[in-house]
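Good morning, everyone. Please bring the model up on your screens, and let's walk through it together.

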Amino acid sequence: DKVLTSEGETDVLLSDGRITPNLNKRLVGLTKAVSSVVGKTGAVTADDIKKTLSLGSASGYNVADLPVSTAVETAISNASNGKLEVVGSIAELIAIKNPKDGQVVYVKSYLPPIYAEVIPHKGSGLFFYNDSIKSTNNGVTIINGWMRDLSGRALSTQDAGLKGDGLDENQTARLQQIADACGDGFSIDFVGDYSINTSIYFNSKKSIKLSSVGGVIYGNKSKWVWGSQIGGTNRRGMLVFKDCPNLDITQLKVKGIQKNIFGSFQDGDSCIQLLQCFNPKIRLCTLTHCFAWAVIGEGCEFPIVEYNVISDIVHQSGVNICVGGGRNAKVNYNHITNCGLYGIEFETYTPLENDTFEAIGNVISDCYAGITPTGDGVTKGLIMGSTISRCGYAGIMMQNLLNSKNIVVSNNTMTENWRGA
């Protein structure tokens, strides 16, 4: 507790207004947390820290919050009396000779730092060694037996050694490694630009959050490979989510390839594909340049699609979120343009009790039709406050509504469409 320099004794004001406790408080907190969890009263060893990490948040102290600046890394090492080793990169981590089971190492950066950049160290974190899995390497969370601390339930593309400059090697495989490695309740940040040649698939992940930082995920049309079907459904999304309840996608930028699936006139690539995902939320995303739907949801109850920018859809609709038994869909305040079919499509053939849909405040232009409920599963809905223009057939079109009970159309502005409604 007494080896810290004055740099470690000052609280730090973060960009979001939060204050992170000074290093002295955090290291004392870490020591007390470890002692409390493992029942120690004497010196804390690396093995003790390993036990604490394996218990996750049970200690009430998030070791993933340890600071990463060069000034405090030395303090961390000194404060642990040499028990907590610090290395510069993943290459230095795996170069450690004869690591001991339970050994803990703090890695400053996945790749060697680039000091000309504002943030030279990227993909840092605590790793502890598990000899029983020394042959395992997924490139993200387990590297030759070194296990990344995931108590903070957060991963980024930098944690896989990706630079995000569009030139990374094996981008698709490494993004899939992140998708496979994340657990329930994780947040994932896509930092930079990534070119993929097949779908990135998230399967059975609960309450995960995805966002991007200053970049786009885009398909490589010339190298694209369609993945195998999922339960009889074509794998069409750049990003595909199956059985992912409470999914939260925010500020992603995804660009498709505008390619139809072989043998299908109507089906092709989509930006985001959801299968049996309860209560998904897609907000503030930019989704462009695909053949089929920008957002397609099948069997998804209580989906929300809001505040997105969607454009350049060759054959299908901008949003079709309630196919195959989805219910209570809300598609609000989106800007949608240039879709081959509908701007927004509520398509379902499975009548459900007390089902409804909602389309409020959308701005739609240059589609075949602006908003279209279709199918004998549609029962009730609300289309209100949208602005629809320059649609080739109609601003609002009702189609095959054999079981509709109460669909309210109110206060929409429609201009320059062939037909209004």
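Let's begin with a pair of charged side chains. R148 and D159 form a salt bridge, and their closest N and O atoms sit 3.4 Å apart. Look at where the two residues are. R148 is in strand 7, residues 146–148. D159 is in the loop between strand 8 (154–156) and helix 5 (171–181). The pair links distant parts of the chain, 11 residues apart. Are these two buried or exposed? Both R148 and D159 are buried.

One caution before I go on: this is a predicted model.

How many salt bridges does the structure hold? The count is 9. I'll show you two others.

Go to E298 and R236. Their side chains meet in a salt bridge, at 3.0 Å from N to O. E298 lies in strand 20, residues 295–298. R236 lies in the loop between strand 13 (217–219) and strand 14 (237–242). So the pair ties together parts that are 62 residues apart in sequence. Again, check the burial. E298 is buried, and R236 is buried as well. This pair also belongs to something wider. R236, D267 and E298 are linked in a network of salt bridges.

Next, E301 and R327. Here the side chains meet in a salt bridge at 3.6 Å, N to O. E301 is in the loop between strand 20 and strand 21 (304–306). R327 is in the loop between strand 23 (319–323) and strand 24 (329–332). This pair links distant parts of the chain too, 26 residues apart. What about exposure? E301 has 26% relative accessibility, so this residue counts as partly exposed. R327 is partly exposed, with a relative accessible area of 22%. The cut-off matters here: buried means under 20%.

Now the sheets. A quick reminder first. Strands of a sheet pair through backbone hydrogen bonds, either parallel or antiparallel.

With strand 4, residues 104–107, it pairs in the parallel sense over 3 bridges. Find V86, and you'll see that its bridge partner in strand 4 is Y106.

The order is 8-9-12-15-18-21-24-26-28-31. This sheet is open, and the pairing is parallel. Strand 8 and strand 31 (406–410) are the edge strands, and each pairs on one side only. On average, neighbouring strands are turned by 10° against each other, direction ignored. I188 stands opposite L210 in strand 12.

The structure holds 1 cavity of 30 Å³ or more. How much space lies in the largest cavity? About 70 Å³. Its lining has 14 residues. Closest to the centre are C322, T348, D355, T356 and F357. What is the lining made of? The residues divide into 5 nonpolar, 6 polar and 3 charged.

That's the tour. Thank you, and over to you for discussion.

Terms used:
Residues numbered from 1 in each chain as written. Predicted model: local features only at pLDDT ≥ 70, side-chain atom pairs only at ≥ 80, totals over all residues. Heavy atoms only, no water. Salt bridge = Lys/Arg side-chain N within 4 Å of Asp/Glu carboxyl O. Helix = DSSP H or I, 4+ residues; strand = E, 2+ residues; numbered from the N terminus. Buried < 20%, exposed > 50% of the residue type's maximum accessible area, 1.4 Å probe, protein only. 1 Å grid on protein atoms, 1.4 Å probe; cavity = no way out; pocket = protein on both sides within 12 Å on 5 of 7 lines; lining within 4 Å. Points joined across faces, edges and corners; volume = space filled by probe spheres on them. Nonpolar A, V, L, I, M, F, W, Y, C, P; charged D, E, K, R; others polar. Pairing = 2+ DSSP bridges. Axes fitted to C-alpha atoms, helices over the stretch in contact; angles between N-to-C directions.
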